[in-house]
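Here are a few notes to read alongside the model.

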Amino acid sequence: MRRFVFEIVEGVRIAGQAIWANKMRSVLTTLGIVIGIASVTGMATVINGIEAGFQQSLSSLGSNVLHVQVWPMGGTNQWWKYINRPEIDPSVADAIDRRSRYAEATMASVNESYLVSRRDQSLEGVTVNGVGANYPRIQSVGLQRGRFFSRSEARSARSVIVLGARVADEMFPIVSPLGKEVSVGGHRFDVIGVLKEQGGGLFGGGLDGEVLIPFDTFDARWGVRDRGVEVKVKVAPSTTMTEAESEIIGIVRVERGLRPTEENNFEVGQQSDVREQFAPVKRGIYGVGIFLTALALLVGGIGVMNIMFVSVKERTKEIGIRKAVGAKKRTILLQFLIEAVVICFIGGLIGIGISAGIAAMVRSTLGVAASLPVSTVMLAFGICTAVGVGFGLAPAWTGAQAEPVEALRYE
């Protein structure tokens, strides 16, 4: 065991000397590995970011929540099947609230973009969400300060508003927004709360750039007819989503006056529907990423193999001398394998550094939570070892099989 450790240490020392003696050649060799490892870790970083953004976007839909709406969740390319469906009436939410055994909380919601302003500050295209007082029970949100509007405020259509974190920061950069007034679409609202920062999801900026007002207030100010009303139903924890979905479908069918032979003219969706829609996209991203990564590593590995064959040829006489004084085939084989692995490790370090820069750039420019976890770094070094051993084995084996007499005579 001690002899094997000594051979490893000696092999690393000789590899370092050989790489330092041929700096330019080593740099050009590692370039392929740098590209390969940067592709591997960069792909993992971006995919992790996309997955995190996707999970964040799903969490904004609420857990154990059913969505009653005209269009399928996740979108569809068969728009002609749904375009003529009648809009969801807000009364559906009341019907579900009265009749459902499995609904823990229900509300109607609607949204539209308006100008939000205060004195000389203004934000265009802010999404204004008209929601029920049950919103905090249905959606996964919290308050940074202030409070949410009460049931009585919602029913009496009070002009109260809860701001998203980014809207609050931009409209009130110095003072607290609580108790202040903002104008939304030409109507004045009293600020009663500010949501906690959510962060950008995969499909947009999330609630940070939006505001919440009571649904009845939205209806009183702008009306909800033909605005795409949606009903959200929080399912009780003790109930399966399948049971709740079947019950909700029955209630909505009765409320919309559908006969038993008629098809549903509405959709009841949940998080899993969006996951299914997104699954082919994820598979496509993984497939393209793996293909490009494998191609880059193949090119880098061939470069390593090529330069190791050159190194073996250049040091044929050295191999003969070492064999003549008693070096075993295993020692020669190990020496060149270690050199190939060291070259790959150097390229891997540089590639990981590039990926860390890519992750920081993606976070700052796209707002996606891209990260470079330790598991990805360990994977990169594992790949470096595999490439070094796999593509360095043939040259190392060639050197180890050299006959001492022939090697000593080589010029």
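**Notes on the predicted model**

1. Start with Glu 262, which is partly exposed at a relative accessible area of 30%; buried means under 20%, exposed over 50%, and partly exposed in between, with a 1.4 Å probe and protein chains only. Glu 262 forms a salt bridge with Arg 259, with the closest N and O atoms 3.7 Å apart (a side-chain nitrogen of Lys or Arg within 4 Å of a carboxyl oxygen of Asp or Glu). Arg 259 counts as exposed, at 53% relative accessibility.

2. A word on the ground rules. Residues are numbered from 1 along each chain as its sequence is written, and side-chain values use heavy atoms, leaving out hydrogens and water. This is a predicted model, so local features need pLDDT of at least 70 and side-chain atom pairs count only at pLDDT 80 or more, while totals for chains, interfaces and linings use all residues.

3. Back to the charges: the whole structure has eight salt bridges. One of them joins the side chains of Arg 166 and Glu 170 (4.0 Å, N to O). Both sit in helix α6 (residues 165-171), four residues apart, about one turn of the helix; helices are DSSP runs of H or I with at least four residues, strands are E runs of at least two, and both are numbered from the N terminus. Arg 166 is partly exposed at 39%, and Glu 170 is partly exposed too, at 36%.

4. Glu 181 and Arg 188 also meet through their side chains in a salt bridge, at 3.8 Å, N to O. Glu 181 is partly exposed, with a relative accessible area of 40%, whereas Arg 188 counts as exposed at 56%.

5. Now the rings: there are seven aromatic pairs (ring centres of Phe, Tyr and Trp, the last by its six-membered ring, within 6.5 Å; planes under 30 degrees apart are stacked, over 60 edge-to-face, the rest tilted). Phe 189 and Trp 222 are stacked, 6.3 Å centre to centre with 20 degrees between the planes. Phe 189 lies in strand β7 (residues 187-195) and Trp 222 in helix α7 (residues 215-222), so this pair ties together parts 33 residues apart in sequence. Both Phe 189 and Trp 222 are buried.

6. Which residues do ring pairs link into a cluster? They are Tyr 114, Phe 189, Phe 218 and Trp 222. Within helix α7, Phe 218 and Trp 222 are four residues apart, about one turn of the helix, and Phe 218 is buried, as is Trp 222.
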